[in-house]
Structures are given as structure tokens and as C-alpha cells.
Amino acid sequence: MQIGVLTENAPFERRVALTPESAGRLIAAGHSVYVQSGAGQAAAEDDDAYRAAGAIIAKSPEEILANIDLLTAVGQLDQQTAAKLKPGTAVIGLSSPKDGRGPAGVLVDRHASFFALELLPRITRAQSMDALSSQAMVAGYRAALIAAERLPRFFPLLMTAAGTVPPAKVVVLGAGVAGLQAIATAKRLGAVVEAYDVRAAAAEEIRSLGAKSITLDIESQTSSSGGYASEQAADAADRQRKALAPFVAAADVVITTAAVPGRPAPLLVTTEMVEKMRPGSVIVDLAADNPNGGNCEVSRPGEDVQHQGVLVHGGRNVPSQLAAHASRLYGANMSAFILAICQDGVLLSTPEDIAADEIAAACCVLLKGEFR
């Protein structure tokens with residue numbers, strides 16, 4: 001199978017779909033990998049490293065798109081790239097064309113197939129392919145660093161000749177993969193950390209990292225969909241915000257990581273709650289680039305907003321800020337996925353074969369130009 005890797009051209013995107021390490025894994029399995037010259041540069045991977053792994057370096061996207069059977073991608077394809085795909089090409093990436101964004105019509109016209117990694121089922125066999133989790137882990141780590149950089153105070157307890165400096169108090173809202181990594185990183189930096197998740201089962205995971213689990217006098221979710229929280233009713237969300245308000249007001253740093261797949265991010269911190277925080281406090285909203293708004297009412301994606309002395313940072317493609325390791329993890333997820341849905345050296349491509357494979361069936365949103 002001929003597999004292609006292009007330079008990602010979406011705004012703020014620095015990752016690459018396959019690193020030399022992951023490309024080498026596919027080449028060892030008998031596939032050929034074509035890489036656009038410079039595709040890995042922003043992720044600290046140069047052309048020579050790809051050549052050493054056995055990949056073929058191409059100077060232009062056209063040279064690749066005219067020859068490949070499968071295009072690997074991180075972000076949304078643009079119309080021009082999709083229009084140059086050879087008819088029948090398969091695409092694997094993180095941004096499903098089924099949600100109405102991107103070049104859905106062009107992909108249909110090119111009789112393309114599309115496998116969306118964000119739809120991967122949360123089963124044991126798929127763990128090595130879980131790109132959502134690997135990228136969320138990067139985002140959670142980065143969120144804690146952003147907070148520490150912007151907070152005008154130390155994170156750890158410091159005892160000096162000039163007196164004792166108390167540790168920063170960090171509150172993490174949402175304890176999925178990103179939230180747990182934010183907790184762990186803030187703890188390693190020396191902060192006192194509290195965390196809350198609407199899922200009752202998350203409390204034990206929070207405590208296992210040495211943080212205090214915040215318990216609210218409201219109903220928790222005892223079941224979840226694939227490990228994710230479900231969307232709450234408006235009145236329940238309002239009670240949750242009121243119960244969280246004193247914890248937010250007492251924090252030096254609030255990191256919000258709550259997301260519901262396929263739904264708007266829940267609003268956890270209102271403008272009124274921001275205004276009750278101390279001047280100099282910091283909020284990092286990892287969900288700020290959700291098209292329907294983030295977890296904090298004040299945040300704007302990619303910007304630092306000063307609101308009555310509180311700095312509110314809105315995350316925008318946060319994993320891409322650590323492009324080297326984010327790409328390494330994503331490439332490992334991608335190569336594992338490709339190898340899992342290959343049979344005799346080619347991707348599963350018939351409706352019957354797709355339906356028979358739990359992973360392929362969950363991720364295939366477009367098959368030979370027809371939405372499933």
C-alpha cells in the first residue's frame with residue numbers, strides 16, 4: 001500500500017501524521033511511505049530522518065497525492081488537497097467530514113473513504129490507537145505549564161530566609177485524561193491540587209495522584225459513555241456551577257478540561273465566578289476552541305484575556321504546542337490503526353469487511369464516496 005504524509009496546513013498546526021519511527025513501522029510491514037519534504041520540520045523531524053527510516057521524500061503534495069492509496073492526516077483537509085486525491089483514496093485523521101465541516105462534498109466526488117480516529121471505540125484492542133487520549137495527555141501537561149508560567153506566584157512551598165512562601169492552590173475541573181495529566185503535572189510542580197469531575201468514578205483516580213477530590217452536594221453521574229461524562233440538563237449544570245463557585249474563588253489557578261464528545265463543552269466558570277477570584281489568579285481553559293464555547297465564559301481561543309485582574313487563557317490546538325512528542329504519540333496511534341485494519345496488505349474496503357471489524361466499523365464514516 002502507498003501511504004502519504006503531507007505538511008499540515010491548518011492554522012496553528014505543527015504536528016505531523018507520521019514520524020520517522022511510525023513510518024518505519026509501516027515500511028517494515030511492507031508498505032511504502034511518501035513524505036512531503038519538510039512535513040515533519042515543525043515537529044523536529046527532518047527529511048533525512050524519514051529517509052533513514054526508508055520513506056520516500058517528495059517535493060510537492062501533487063507528487064504524493066497522485067500516487068497514494070492512503071493519506072494520513074492530523075487536522076481537517078482543505079478543499080484543494082481533497083480535490084487532488086486520486087479517486088478511491090482512503091484518508092485517516094482526527095476530523096470527521098460527517099460533522100459538516102471540511103471538504104465533505106469533494107471527498108464524496110472523489111469516491112474517497114474516511115476513517116475518523118476520534119470515533120475509535122474504547123475497547124482493549126484499540127488502546128494503542130487512541131489518539132484522543134494521547135493528545136489529551138499532551139494538552140493536560142501543557143495546561144499546567146501555561147498556568148505556572150502566567151501565575152505571578154510560585155507553585156511550590158518555599159522556605160527562605162525572607163519567610164515562607166505558601167504553595168499555589170490549583171483547582172482542576174474535569175478529570176479525564178487531560179485533567180488527570182494536569183493534576184499530575186501541577187503536583188510535580190509543587191502546587192496543592194483539588195479536582196472535580198461530575199463522574200463519581202473519577203474521585204478515586206484524582207486521589208490516586210495525591211490530589212483532593214472535591215465533593216459537591218449534587219448528584220454525580222454513575223455511568224458514562226465510553227469513559228466520558230454525559231451532557232447535563234440546564235438546571236443540574238446551574239447547581240453544579242453554584243456549588244463550585246467557592247472552590248474557584250479560593251483558587252490561585254483553575255484549569256478546566258471538561259468536554260463531552262460531539263456536544264458543546266459544558267460551561268463551568270461564569271463571568272461572575274471569574275470576578276470573585278483574587279487579582280493575579282489564572283484560568284486555563286483547554287476547551288476554549290470548541291466552536292460552541294469553552295468551559296469559561298470569559299475565555300477566547302488562543303488569547304490571554306485580562307478580566308478584573310484575572311488572566312484567562314483560552315487554549316487553541318494545545319497539543320500542537322508540544323509538536324514533537326504529540327506527533328510521536330499520534331504517529332504511533334496512526335500506524336497501529338493502519339496495521340489493525342489491513343488485510344493482506346490493503347485496507348479493509350468492502351461494507352462486509354468493515355462491518356465485521358469493530359474498530360473499522362466504528363471509525364469508517366465514508367466508504368467509497370458514500371456516508372455510513
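1. In this predicted model, E370 belongs to strand 19, which covers residues 370-371. The residue counts as exposed because its relative accessibility is 58%, and the cut-off for that class is over 50%. E370 and L107 are 263 residues apart along the chain, yet their C-alpha atoms are separated by 9.3 Å.

2. A340 is located in helix 11. With a relative accessibility of 22%, A340 is classed as partly exposed, since buried residues must fall under 20%. Neighbours within four places in sequence set aside, the contacts of A340 are R125, M129 and D357. A340 and V284 are 56 residues apart along the chain, and 37 Å separates their C-alpha atoms.

3. The largest nonpolar core comprises 42 residues. Within this core, V33, F115, F337 and I338 have the most contacts. Two or more residues each come from strand 1 (2-5), helix 1 (20-28), strand 2 (32-36), strand 5 (90-93), helix 11 (323-340), helix 13 (358-363) and strand 18 (364-367). Helix 11 is the element that gives the most, namely 6 residues.

4. Residues up to four places away in sequence are not counted here; beyond them, V33 touches I3, V5, L18, A23, L26, I27, A55 and I56. Apart from the core described in point 3 lies another, made up of 29 residues and including A182, I183, A202 and V284.

5. As to secondary structure, the chain contains 13 helices and 19 strands. Contacts between residues at least 6 apart in sequence were also examined, and 64% of them join residues at least 24 apart.

6. The overall dimensions can be compared with a simple expectation. A compact globule of 372 residues would have a radius of gyration near 21 Å, and the chain has 22 Å, so the two agree. The C-alpha trace spans about 65 × 45 × 35 Å along its principal axes.

7. Of the 372 residues, 51% count as buried. The chain exposes about 16,300 Å², and carbon and sulfur atoms supply 52% of this area.

8. The charged side chains number 32 positive and 39 negative. The centres of these two sets lie 4 Å apart.

Conventions. Residues are numbered from 1 along each chain as its sequence is written. This is a predicted model: local features need pLDDT of at least 70, side-chain atom pairs count only at pLDDT 80 or more; totals for chains, interfaces and linings use all residues. Side-chain values use heavy atoms; hydrogens and water are left out. Helices (H or I, at least four residues) and strands (E, at least two) are DSSP runs, numbered from the N terminus. The radius of gyration is taken over C-alpha atoms; the globule rule is 2.2 Å times the number of residues to the power 0.38. Buried means under 20% relative accessible area, exposed over 50%, partly exposed in between (1.4 Å probe, protein chains only). Contact means heavy atoms within 4.5 Å. Accessible areas come from the Shrake-Rupley method with a 1.4 Å probe; for residues, only the protein chains shown count as cover. Lys and Arg count as positive and Asp and Glu as negative; His and the chain ends are not counted. The place of a charge is taken as NZ of Lys, CZ of Arg, CG of Asp or CD of Glu. A nonpolar core is a set of buried Ala, Val, Leu, Ile, Met, Phe, Trp, Tyr and Cys residues joined through side-chain atoms within 4.5 Å.
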